[in-house]
Amino acid sequence: MSNTSYAPTPEWVARRDRLAYPTGNLIAGRWENGPDTLVVTSPIDGQPVTEVAAGDAATIDRAVAAARIAFEDGRWSGLPPSSRKEILIRWADLCHERREDLALLHALEMGKPAREARDVDMRAVVRTIRWFGEAIDKILDEIPNVPSDVVALIQREPAGVVGAVVPWNFPLTMAAWKVAPALAAGCTVVLKPAEQSPLSALLLAELGQQAGLPDGVLNVVNGLGHVAGRALGEHPDVDVVTFTGSTAVGRKFLEYSANSNIKRVWLELGGKGANVVFPDADLDKAASTAAWSIFYNAGQMCTAGSRLLVHESIHDVIVEKVMAIAAGMQPANPLAEDAPLGAVVSAQHMGNVHRMLEAGVKESGELISGGEPVLTETGGSYYPPTIVDGVRPDSLLAQEELFGPVLAVTTFSDEDEALTLANGTPYGLASAVWTNDLSRAHRFSRRLKMGVVWVNCYEEGDLTVPFGGVKQSGFGRDKSLHALDKFFDIKTTWMELGDK
Ligand code: NAD
């Protein structure tokens, strides 16, 4: 299949040509430039898209001050939940109306196909904002049964100022998973998008303003992680940090908290997901889902099924099927409506993925598909579906998160060995088991040390179910009503009624 057959679609190109890029930081309802700038480079062709304002510690300080004022004066936390709900739902509607612009910004800044960003990411963003808006006026406080001369109240109070630091791989979905429940709970927010993907976050915030979020309730500061991200993590007036990103940076946020005000830190970190396939599974579905779970979004997913653990008796048939599917999932220009895969986020990241692959293959395994950048003549960063067979479980490719479209295949001979392999990494985010044996499905999924387990599927779920990891994949949950727990303080009030 020729990659060059995927031409950019005229509608996406025309939309790009007329789109005005948002470029400032949003603080206290005003758009500001300076003190520095960040160049947004598109992985589509390696060319600059635009420059945005980049904040430093002083910028973060002003944004936190704006969020603090907006929190304490009750302009948001003091609203009845039903009023917050209306604004959030209006915001979701505006995001839906502008979904094509927001999707296009995803494609330009981080390289995923614009169609996919519109149909998958933007659907998730709109649903998330709407869901938390709709939920918030149904949350009730508690009155426990206590002695009759006492009244006790257990109340949820908004936790205060929230710092939200997010990655670039699902830039708006991750932002919405943090910002929507935080705002629904009545908190105010300073959002720090990834330096690779500020544009979609800025347009999201602009729509929040249009929906009626009061000034200072949602602030956005772009900037480098070790400058703006760090300043937010260390800030003494931030009550909660909610972070999605790498395990290495998550570790730093724990240090920032320990070295400042012991703020609460919630971490959604890396993963090394596995598809565990038993011989009694639907092998066609298992193979196509396993391929999709690692190659989708060019493998840049915390949940990516980067390991295929397959029973030795079905190894050949599964690998053959996965290779056939991989052959049809080649990268192409993200502005082509039918692009099966887009670009990797940046040349630098693609270089890291490639170097890790080379080091991994030296250690163990045989490269049987992909393994070299493609479409190099475009100037963009394109990496094909890559498969390494016979990977040793203790080696780099089985243990480390490459965050690219690289699948490591390992065989097992029985259920116990499969479980040891599946659980045998420092991560515990998500994995799937493929079997038609109901007892094994239950037994195996109970013993998987993961925050999320899928049976005969991958990456499925909706907003009613929590998402998050165990072990070094972090703690705390996004999505579902449990996400709200991160942004509430639980207050106990014990009232003695006294003698009449
Ligand atoms: P990253 O950790 O490099 O960056 C994430 C965010 O942290 C960015 O906004 C960045 O600017 C900021 N940051 C970087 N260095 C910082 C520092 N020293 N102090 C404070 N902030 C800093 O991650 P990434 O490359 O953007 O994203 C990829 C990682 O995210 C992968 O490890 C992936 O598994 C993880 N991820 C996890 C989930 C999940 O829900 N568990 C979801 C998506 C991505």
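Helix axes are lines fitted to C-alpha atoms over the stretch in contact, and the angles between them run from 0 to 180 degrees between N-to-C directions. The structure described here is a predicted model, in which local features need pLDDT of at least 70 and side-chain atom pairs count only at pLDDT 80 or more, while totals for chains, interfaces and linings use all residues. Residues are numbered from 1 along each chain as its sequence is written, and side-chain values use heavy atoms, with hydrogens and water left out.

Two packed helices are described by the angle between their axes and the distance between the axes. Helix H8 (residues 225–234) and helix H9 (residues 247–259) have axes that come within 8 Å and cross at roughly 45°, where helices (H or I, at least four residues) and strands (E, at least two) are DSSP runs numbered from the N terminus. On the H8 side Gly229, Arg230, Gly233 and Glu234 meet Phe253, Tyr256 and Ser257 of H9, a contact being defined by heavy atoms within 4.5 Å. The residues of this contact divide into two nonpolar, three polar and two charged; Ala, Val, Leu, Ile, Met, Phe, Trp, Tyr, Cys and Pro count as nonpolar, Asp, Glu, Lys and Arg as charged, and the others, Gly among them, as polar.

A second pair consists of helix H3 (residues 81–97) and helix H6 (residues 171–184), which pack at an angle of about 155° with their axes 10 Å apart. H3 and H6 are therefore roughly antiparallel to each other. Arg84, Leu88 and Trp91 of H3 make the contact with Val179, Ala180, Leu183 and Ala184 of H6, and the residues involved divide into six nonpolar, no polar and one charged.

Around the ligand there are 30 residues, of which Lys192, Glu195, Ser246, Leu269 and Glu401 come nearest, a residue being near a molecule if one of its heavy atoms lies within 4 Å of it. An oxygen atom of the ligand is 3.0 Å from an N or O atom in the side chain of Trp168, whereas a nitrogen atom of the ligand is 3.2 Å from a polar backbone atom of Gly225.

Trp168 is also one of the residues touched by His349, which is found in helix H12 (residues 347–363). His349 counts as buried because its relative accessibility is 13%, where buried means under 20% relative accessible area, exposed over 50% and partly exposed in between (1.4 Å probe, protein chains only).

Lys486, in the loop between strand S20 (474–475) and strand S21 (488–496), likewise counts as buried, at 2% relative accessibility. The side chain of Lys486 makes a polar contact with the side chain of Asp478 at 2.6 Å; a polar contact is a pair of N or O atoms within 3.5 Å, and within protein one must be able to donate a hydrogen and the other to accept it, with residues adjacent in sequence counting only if both atoms are side-chain atoms.

With regard to the backbone, a cis peptide bond with omega of about 0° joins Gly34 and Pro35.

Terms used. Parallel < 35°, antiparallel > 145°, perpendicular 65-115°, else oblique. Lists of a residue's contacts leave out its neighbours within four places in sequence.
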